[in-house]
Amino acid sequence: MSDNYYVQGKLRINICYNDKNIILEWLGKSIDRNPEDFITPVLTTTKSAGSIEIRYILDFRKLQFMNSSTVAPLVQFLEECKNDGSSVDTTV
Amino acid sequence: LNQKKITIPPVWDLIDTTRESVITFLHENRIDDDSSIAIGMVTNELLENAVKYGSFSNSRNSIDCKISIDSDSIVVEVINPTSNDTEQNLVKLDETIQWIRGFQNPFEAYVNRLVIVSSNNLHKGESGLGLVRIAYEGHSIVDFYTSDDNLYISAVYNL
């Protein structure tokens with residue numbers, strides 16, 4: 001059960017919050033021509049809702065496919081987290 | 001040798017359908033899951049590039065995708081129209097392939113590209129990761145040539 005979710009085309013991102021974690025569950029396929037138009041605002045909004053102590057968990061187990069353009073906003077999110085000291089785990 | 005040819009118009013939404021058709025074809029030919037998924041991804045990336053960078057007109061408005069399976073390799077070939085207007089794209093394609101070949105292995109190229117991507121200074125929709133991903137995740141060797149105003153780009157996956 002997610003607290004919030006975002007849908008664009010065949011991609012859905014569920015967001016679940018608890019005291020220690022923000023879990024971003026990816027479902028479906030990320031196959032848009034410019035996936036960053038959808039993904040970057042979702043990640044930015046989610047990150048602005050979390051404190052520095054929060055751990056982000058990117059759960060890709062239900063993601064069937066992503067194109068290479070999807071990698072860029074993800075890598076940029078990871079880089080931001082690294083720079084500000086946020087903790088990130090990924091599950092594939 | 002077993003072959004399949006799929007012809008599609010340059011419509012973004014048809015890329016994923018084609019990727020799935022290719023995976024189904026590979027499964028029908030008893031290609032294992034890991035290889036089929038890898039080659040499906042390779043097909044997807046090549047078709048995305050064809051739609052993005054091809055030179056289409058009313059009379060030349062299609063992309064051919066050919067999959068050939070033999071005893072020791074699978075070849076994905078994508079053919080799309082080009083023109084003088086898109087010559088710069090071919091130069092960039094050649095440079096990218098040469099850049100990948102300059103690394104000892106595809107993983108190094110992939111990591112290097114991720115570092116560039118993480119710097120966040122890219123043009124929209126141009127991560128430049130597609131060909132590197134084909135080489136690393138897709139375990140495939142990419143090459144291309146042009147003939148009769150068409151680009152023929154192929155990726156060879158060794159079984």
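**Figure 1. The contact between chain A and chain B in a predicted model.** Contact here means heavy atoms within 4.5 Å. On that cut-off, 18 residues from chain A and 20 residues from chain B take part. The area buried between the two chains is about 1700 Å². Carbon and sulfur atoms give 52% of this area. On chain A, Arg33(A), Phe65(A) and Ser68(A) supply 35% of the area that the chain buries against chain B, more than any other three residues.

**Figure 2. Polar links between chain A and chain B.** Three salt bridges are counted between the chains. One of them pairs Lys29(A) with Glu20(B). Their closest N and O atoms are 2.3 Å apart.

**Figure 3. The side of chain A that touches chain B.** Helix H1 (36-48), strand E4 (55-66) and helix H2 (68-84) of chain A each give two or more residues to this side. H2(A) gives the largest share, seven residues. By residue class, this side of chain A divides into six nonpolar, five polar and seven charged.

**Figure 4. Helix H2(A) against helix H4(B).** H4(B) spans residues 106-118. The two axes come within 8 Å and cross at roughly 75°. H2(A) and H4(B) are therefore roughly perpendicular to each other. From H2(A) come Val71(A), Ala72(A), Val75(A), Gln76(A) and Glu79(A). They meet Leu114(B), Val117(B) and Ser118(B) in H4(B). The residues of this helix contact divide into five nonpolar, two polar and one charged.

Technical notes. Residues numbered from 1 in each chain as written. Chains lettered and ligands numbered in written order. Predicted model: local features only at pLDDT ≥ 70, side-chain atom pairs only at ≥ 80, totals over all residues. Heavy atoms only, no water. Buried area = accessible area lost by both parts, 1.4 Å probe. Salt bridge = Lys/Arg side-chain N within 4 Å of Asp/Glu carboxyl O. Polar contact = N/O pair within 3.5 Å; in protein donor to acceptor, adjacent residues only side chain to side chain. Helix = DSSP H or I, 4+ residues; strand = E, 2+ residues; numbered from the N terminus. Nonpolar A, V, L, I, M, F, W, Y, C, P; charged D, E, K, R; others polar. Axes fitted to C-alpha atoms, helices over the stretch in contact; angles between N-to-C directions. Parallel < 35°, antiparallel > 145°, perpendicular 65-115°, else oblique.
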